[in-house]
Amino acid sequence: QVQLVESGGGLVQAGSSLRLSCAASGLTFDTYSMGWFRQAPGKEREFVATIGWSGGNIYYADSVKGRFTISRNTAKNTVYLQMTSLKPEDTAIYYCAVYRSPYNSGSYSYAGTYAYWGQGTQVTVSS
């Protein structure tokens, strides 16, 4: 079955950088678009970024645009989220997710578009 395993979270100071990784298995990785979401305490899960199956169709939430970069490595079945200039409001559990169907990149900001989710990795940014 599909498994997604995130890593790379941690406690950092404001202005720092982190790179999150999400290793995928159980699917034909290069046919599925992937996404990153996050959930802060007491808040709903929100869209962060998405990348299409071929590495195109990249979109970001306005709150992270210009600071975060999503990428993927097909050889490693891994999607990354490079986060720079981190702010305290970026503090959240970060989840990666895979689309319900291959060769699809629509409705990317809607959580229901994604069928499988990782367990999440905590990112804490101190001021």
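A111 lies in the loop between β9 (92-99) and β10 (114-117). The model is a predicted one. A111 counts as partly exposed because its relative accessibility is 32%, which falls between the 20% and 50% limits. Setting aside neighbours within four places in sequence, A111 is in contact with F37 and W117. R19 is elsewhere: A111 and R19 are 22 Å apart in space, C-alpha to C-alpha. In sequence, 92 residues separate A111 and R19.

**The charged network**

The count of salt bridges comes to 4. Three of them are tabulated here, including two made by R38.

| Salt bridge | Closest N to O distance |
|---|---|
| R38 and D90 | 2.9 Å |
| D90 and R67 | 2.7 Å |

Start with R38 and D90. These two side chains form a salt bridge, with the closest N and O atoms 2.9 Å apart. R38 lies in strand β4 (residues 34-39), and D90 in the loop between β8 (78-83) and β9, so the pair ties together parts that are 52 residues apart in sequence.

Next comes D90 and R67, joined by a salt bridge with 2.7 Å between the closest N and O atoms. R67 lies in the loop between β6 (59-60) and β7 (68-73), while D90 is in the loop between β8 and β9, so this pair ties together parts that are 23 residues apart in sequence. Both D90 and R67 are buried. Salt bridges that share partners join R38, E46, R67 and D90 into one network.

E46 is partly exposed, with a relative accessible area of 36%.

**The aromatic cluster**

How many aromatic pairs are there? The count comes to 8. One of them is F37 with F47, an edge-to-face pair. Their ring centres are 5.7 Å apart, with 75 degrees between the planes. F37 lies in strand β4 and F47 in strand β5 (residues 46-51), so the pair ties together parts that are 10 residues apart in sequence. F37 and F47 are both buried.

F37 also pairs with W117. Why is this pair edge-to-face? The planes of F37 and W117 stand at 65 degrees, with the ring centres 5.0 Å apart, so the pair is edge-to-face; the cut-off for that label is over 60 degrees. F37 lies in strand β4 and W117 in strand β10, so this pair ties together parts that are 80 residues apart in sequence.

F37 counts as buried because its relative accessibility is 1%. W117, at 26% relative accessibility, counts as partly exposed. Both residues are contacts of A111. Ring pairs link F37, F47, Y59, Y99, Y108, Y114 and W117 into a cluster.

**Charges over rings**

Two arginines sit over aromatic rings. The charged end of R45 is over the ring of Y95, 3.9 Å from the ring centre. R72 lies over the face of F29, with 4.3 Å to the ring centre.

Terms used
Residues are numbered from 1 along each chain as its sequence is written. This is a predicted model: local features need pLDDT of at least 70, side-chain atom pairs count only at pLDDT 80 or more; totals for chains, interfaces and linings use all residues. Side-chain values use heavy atoms; hydrogens and water are left out. Helices (H or I, at least four residues) and strands (E, at least two) are DSSP runs, numbered from the N terminus. Buried means under 20% relative accessible area, exposed over 50%, partly exposed in between (1.4 Å probe, protein chains only). Contact means heavy atoms within 4.5 Å. Rings of Phe, Tyr and Trp (its six-membered ring) pair if their centres lie within 6.5 Å; planes under 30 degrees apart count as stacked, over 60 as edge-to-face and the rest as tilted. A charge sits over a ring if NZ of Lys or CZ of Arg is within 6 Å of the ring centre and within 35 degrees of the ring normal.
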